[in-house]
Amino acid sequence: MNQNFTTTFTVDQSPEDAFAAINNVRSWWSGEIEGSTDKIGGEFTYRYEDLHYSKQQIAEFIPGKKVVWLVLDGRLNFVEDKHEWTGTTITFDIAKKGDKTEVQFTHAGLVPENQCFTACSSAWCYYISGSLRSLIAGGA
């Protein structure tokens, strides 16, 4: 059974709109973001106060269909194993479902055994089902 954290939502906008919003990371993920978030091989860092630092590389970039980030480095200062995110992958799968677009988010490697699972999964729910969905649906 797949225990990786995953969540899915649907919107009325096109897969291309969803793809554009996902790659506009600064508009839906709070904290400091530096680097390139919108091209294959691009690398960017995310920092939230002194609690979370991570460096992502864009490993897959298929317009209107899929984005995959590989977490090259991560430090979570609120758990014992500060490197729980290092080596994990974050995937956005985008698909047309009738007249709607479905976005499925999966953080492979973020599993219930991780100390950060509860905090990280609830944060992802907020960002994915809240911020990102709002950005796609209303552009803000």
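Guide: Start with one term: contact means heavy atoms within 4.5 Å. By that rule N23 touches T37, D38, F61 and V67, leaving out residues up to four places away in sequence. Keep in mind that this is a predicted model.

Visitor: Where is N23 found?

Guide: N23 is in helix α1.

Visitor: Why is N23 called buried?

Guide: Its relative accessibility is 6%. Buried means under 20%. So N23 counts as buried. In α1, P15, A18, F19, A21 and I22 are buried too.

Visitor: What covers the buried residues of α1?

Guide: The cover includes β4, β5, β6, β7 and α2.

Visitor: What makes E49 exposed?

Guide: Its relative accessible area is 56%. Exposed means over 50%. E49 therefore belongs in that class. E49 lies in the loop between β3 and β4.

Visitor: What stands out about the phi of E49?

Guide: The phi of E49 is near 45 degrees, a positive value in a residue other than glycine. Most residues other than glycine have a negative phi.

Visitor: Now the sheet. What is the order of its strands?

Guide: The order is β1-β7-β6-β5-β4-β3-β2, seven strands in an open sheet with antiparallel pairing.

Visitor: What makes β1 and β2 edge strands?

Guide: Each pairs on one side only. β1 covers residues 5–11, and β2 covers 32–35. On average, neighbouring strands of this sheet are turned by 20 degrees against each other, direction ignored.

Visitor: How do you know that β6 and β7 pair?

Guide: Pairing takes at least two bridges. Nine bridges join β6, residues 89–97, to β7, residues 100–108. The two strands therefore pair, and they run antiparallel. For T91, the bridge partner in β7 is T106.

Visitor: Which strands do the helices touch or lie across?

Guide: Helix α1, residues 15–23, packs on the sheet and touches β4, β5, β6 and β7. The direction of α1 makes about 160 degrees with that of β6. Helix α2, residues 117–138, lies across β1, β3, β5, β6 and β7. α2 runs at about 15 degrees to β1.

Visitor: Why is the pair of F44 and W69 called edge-to-face?

Guide: Two values decide. The ring centres are 5.0 Å apart, and rings pair within 6.5 Å. The planes stand at 80 degrees, and over 60 counts as edge-to-face. So the pair is edge-to-face.

Visitor: What parts of the chain does the pair link?

Guide: Distant ones: F44 is in strand β3 and W69 in strand β5, 25 residues apart. Both F44 and W69 are buried. The structure holds 15 aromatic pairs. Ring pairs link a cluster that includes F44, W69, W85, F92 and W124.

Visitor: What else does W69 touch?

Guide: Leaving out residues up to four places away in sequence, the contacts of W69 include I22, V25, W28, W29, Q56, I58, I90 and F92.

Visitor: Which residues touch the most other members of the largest nonpolar core?

Guide: W28, W29, W69, W85, F92, W124 and L132 do, in a core of 35 residues. Two or more residues come from each of β1, α1, β3, β5, β6, β7 and α2. The largest share, eight residues, comes from α2. In soluble globular proteins, nonpolar side chains tend to be buried together.

Notes. Residues are numbered from 1 along each chain as its sequence is written. This is a predicted model: local features need pLDDT of at least 70, side-chain atom pairs count only at pLDDT 80 or more; totals for chains, interfaces and linings use all residues. Side-chain values use heavy atoms; hydrogens and water are left out. Helices (H or I, at least four residues) and strands (E, at least two) are DSSP runs, numbered from the N terminus. Axes are lines fitted to C-alpha atoms, for helices over the stretch in contact, and angles run from 0 to 180 degrees between N-to-C directions. Buried means under 20% relative accessible area, exposed over 50%, partly exposed in between (1.4 Å probe, protein chains only). A nonpolar core is a set of buried Ala, Val, Leu, Ile, Met, Phe, Trp, Tyr and Cys residues joined through side-chain atoms within 4.5 Å. Rings of Phe, Tyr and Trp (its six-membered ring) pair if their centres lie within 6.5 Å; planes under 30 degrees apart count as stacked, over 60 as edge-to-face and the rest as tilted.
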